[in-house]
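Work through the exercises below with the sequence and the 3D view open. Try each task before you read its solution.

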Amino acid sequence: MPQLSCQNLTIGYEGKVVVSGLSFDVNAGDYLCIVGENGSGKSTLIRTILKLKAPMSGKIFTESTGSTGNTGSIGSGLMPNEIGYLPQQTVVQKDFPASVREVVRSGCLNRCGLRPFYNKAEKRIAEENMEKLGISSLAKRCYRELSGGQQQRTLLARALCATRKLLLLDEPAAGLDPKVTAELYTLIGDLNNDGTTIIIISHDICASVKYASHILHIGNRSVLFFGTKEEYLKSETGRIYANMSGGKS
Amino acid sequence: MTWNWDKLSEYLQFPFVQYAIITGVLIAFCASLLGVTLVLKRFSFIGDGLSHVAFGVAAIAAAMNLSNNFFLVLPVTIICAILLLRTGQNAKIKGDAAIAMISVSTLAIGYLIMNVFSKSANISGDICATLFGSTSILTLTRAEVWLCAVLSALVILVFLIFYHKIFSVTFDEDFSTATGVKAKTYNLILAVIIAVIIVLAMNLVGALLISALVIFPALSAMRVFKNFKAVTICSVIISVVCAALGIIISIVAGTPVGSTIVVVDIAGFVIFSAAGFITRRF
């Protein structure tokens, strides 16, 4: 069964519908790229999947809850310890005095429960993930003094501390130069090859086409396309969008 | 200078001076703990708003002739802290306006009540004392010192237990919530701690100057140190040193306690800014 399944989902905020009729499945190991214009509801969808927002209607199922697990009007979504999340940067983080190690370790917090401090295993997980993302040498550096690419690697390492199962990334390449963007996408591709399911919002159609296995295109308050990358590139929506964004079709 | 040392050591024999220094240091310790979080979460205003609430309630307590207003001021301030935090979460601009509204209304009502109902002969003196800190720090009883010590210990304990959670919720609330950390609960705990600290600090520096006690040590520490742990530890040290120094100076020089402490804090900020500038340059 799919790792994540959205059925007839309607999302929005303050009573306004942004997208309705969202139905799609994500299987373990998939790389789903969500594309769409600004304001089409991509971030709202991610926030809904993360349970930061309640869906207006419809259900979200996961492996652990099962399709019969929740009979209420709202599916219970992913278990928090199955999710890694790379959010867009906030204003607070721009002048936050925190070392890279402190930030990465905070990803382990959901394992702690009520225990006030990290144990050895959690500290090791943090070190491993810093190693994996090539930021071990930055461990003591201040987060706010890093370059954009290094900051994203730090947040990615934190997300990996929270889980290896499913990563949700909200425009990870925003504000990065092409070289760093390419490196970041390669890194995310590698994580996917290691078995982590990826759900990513991206404006970069080239990278989407290169790495994604599935594409979800939303716009005009509904789903314009959902399917595999190959199908997308053959579809009319996909061709128009890919040409418009200068990607290869 | 020797004369001053003599005078100081003579003063230090008095229990009321000892009490003042103990409570002052404890309050400064607690206030600085949360400074970093408050500054970064843009909650400095909540501290200011709450201190005005505490002033309003203190005025009502004075009008009711309550000898010990503490048990009225603390619960009301905690309730307001929770309410303010709730509105702050729902709508950002509205939350800001709500803080300003509550802050000025309680200030006005407090002043009005004090003026109309107070039986004291020296109303403006009373009000000045509540706003800018009074000599009450020098007239503490043993029981009040104990109460302050117990509350401080609680604040420090809660902070230690939830240190990593507070860090995570401050750094990235969305990530914390998404990965299963109960950010709302920790925000609530923060609100309660802030309220307790503000009520405690009112005795020391008065309602108008509390924000200085909360934010200056954190801002000073942030000039020099680059990680959360170091900034927290450093701001505690700065705050304690400044408070002790301020109290001693005010006793020796006969200046108002609250404003002296704040001036020492400002001096600390200037020194740390310079230090930060130099370390970045060389």
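**Exercise 1. A salt bridge between chains**

Task: Find the salt bridge between A:Arg158 and B:Asp172, and state whether the two residues are buried or exposed.

Solution: 
- Start with the distance. The side chains of A:Arg158 and B:Asp172 pair at 2.7 Å, N to O. A salt bridge here is a side-chain nitrogen of Lys or Arg within 4 Å of a carboxyl oxygen of Asp or Glu.
- A:Arg158 sits in helix H6 of chain A, and B:Asp172 in the loop between helix H9 (163-171) and H10 of chain B, so the pair crosses between chains. Helices (H or I, at least four residues) and strands (E, at least two) are DSSP runs, numbered from the N terminus.
- A:Arg158 and B:Asp172 are both buried. Buried means under 20% relative accessible area, exposed over 50%, and partly exposed in between (1.4 Å probe, protein chains only).
- Side chains of opposite charge can pair when their charged atoms come close.

A note on reading the model: it is predicted, local features need pLDDT of at least 70, side-chain atom pairs count only at pLDDT 80 or more, and totals for chains, interfaces and linings use all residues. Residues are numbered from 1 along each chain as its sequence is written, chains are lettered from A and ligands numbered from 1 in the order in which they are written, and side-chain values use heavy atoms, with hydrogens and water left out.

**Exercise 2. Other salt bridges**

Task: How many salt bridges are there over all chains? Describe the one that B:Asp174 forms, then the one between A:Glu183 and A:Arg153.

Solution: 
- Take the total. Over all chains there are 10 salt bridges.
- Go to B:Asp174. Its partner is A:Arg47, with the closest N and O atoms 2.7 Å apart. B:Asp174 lies in helix H10 (residues 173-178) of chain B and A:Arg47 in helix H1 (residues 42-49) of chain A, so this pair joins two chains.
- B:Asp174 is partly exposed at 24% relative accessible area. A:Arg47 is partly exposed at 26%.
- Now stay in chain A. A:Glu183 and A:Arg153 form a salt bridge at 3.7 Å, N to O. A:Glu183 is in helix H7 (residues 178-193) of chain A and A:Arg153 in helix H6 (residues 148-162) of chain A; the two are 30 residues apart and link distant parts of the chain. A:Glu183 is partly exposed, at 33% relative accessibility.

**Exercise 3. The interface**

Task: Which residues and elements make up the side of chain B that touches chain A?

Solution: 
- Count the contact residues. Chain B gives 27 and chain A gives 37. Contact means heavy atoms within 4.5 Å.
- Take the area. About 2800 Å² is buried between chain B and chain A, and carbon and sulfur atoms give 64% of that. Buried area is the accessible area (1.4 Å probe) that two parts lose on being put together, summed over both.
- Count the links. Three salt bridges run between chain B and chain A.
- Find the elements. Helix H3 (35-40), helix H8 (142-161), H9, H10 and H13 of chain B each give two or more residues to the side that touches chain A. H9(B) gives the most, with seven residues.
- Sort by type. This side of chain B has 14 nonpolar, seven polar and six charged residues. Ala, Val, Leu, Ile, Met, Phe, Trp, Tyr, Cys and Pro count as nonpolar, Asp, Glu, Lys and Arg as charged, and the others, Gly among them, as polar.

**Exercise 4. Confidence**

Solution: 
- Begin with the chain. Chain B has a mean pLDDT of 82, and 90% of its residues reach 70 or more. pLDDT is the predictor's confidence in each residue, from 0 to 100.
- End with the complex. The predictor gives it an ipTM of 0.82 and a pTM of 0.83.
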